[in-house]
Amino acid sequence: MHEMALCEGIIGIVEEEARKRAFAKVKVVCLEIGALSHVAPEALKFCFEAVAARTIAQGAKLEIVETPGTAWCMACSESVEIKQRYEPCPSCGGYQLQVTGGEEMRVRELEVD
């Protein structure tokens, strides 16, 4: 389960921001997760609670904003939304798609005290 390691990285980012901006408590961590990122949101929420224990983010709510996968179709020259890799272009049915978005995961915002 790589979600545990991802949560450890998230807590590292939160703690670094706390040092830079001098806040004492995190109430909400908002993540943006792409549909093609291979991250299971429910597993991430479960792991976050365990990893955040005894840190500045203990008790913080984890909010997840899911973003769609996007690709450029080389056959029809359209920018399209996709739900998973290797599916056909929803516009022309072609399979020559270059992924352009939806693979990322980032801390979008923090609500702090």
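Residues are numbered from 1 along each chain as its sequence is written, and side-chain values use heavy atoms, with hydrogens and water left out. Because the model is predicted, local features need pLDDT of at least 70 and side-chain atom pairs count only at pLDDT 80 or more, while totals for chains, interfaces and linings use all residues.

The sheet is open and has 3 strands in the order E2-E1-E6, with mixed pairing. Strands (E, at least two residues) and helices (H or I, at least four) are DSSP runs numbered from the N terminus, and two strands pair if DSSP finds at least two bridges between them. Strand E2 (61–67) and strand E6 (105–112) are the edges, each pairing on one side only. From one strand to the next, the twist averages 20 degrees. Strand E1 (residues 26–34) runs parallel to E2 and is joined to it by 7 bridges. Ile33 stands opposite Glu66 in E2.

Two helices lie across these strands. Helix H2 (residues 41–52) lies across E1, E2 and E6, at about 160 degrees to E2. Such angles run from 0 to 180 degrees between N-to-C directions, with axes fitted to C-alpha atoms, for helices over the stretch in contact; contact means heavy atoms within 4.5 Å.

Which residues of H1 are buried? They are Glu3, Cys7, Ile10, Ile11, Val14, Glu17 and Ala18, where buried means under 20% relative accessible area, and exposed over 50%, with partly exposed in between (1.4 Å probe, protein chains only). Seen down the axis of H1, the buried residues fall within an arc of 120 degrees, so they line one face of the helix; the arc is that of the directions from the helix axis to the C-beta atoms. E1, H2 and E6 are among what covers them. On the other side of H1, Arg19 and Lys20 are exposed. Just after H1, Ala22 has a positive phi of about 55 degrees.

The largest nonpolar core has 20 residues. A nonpolar core is a set of buried Ala, Val, Leu, Ile, Met, Phe, Trp, Tyr and Cys residues joined through side-chain atoms within 4.5 Å. Those with the most contacts inside the largest core are Val26, Val29, Leu31, Leu44, Phe48 and Ala57. H1, E1 and H2 each give two or more residues to this core. Apart from it lies another core, of 7 residues, including Leu36, Cys73, Cys89 and Val99.
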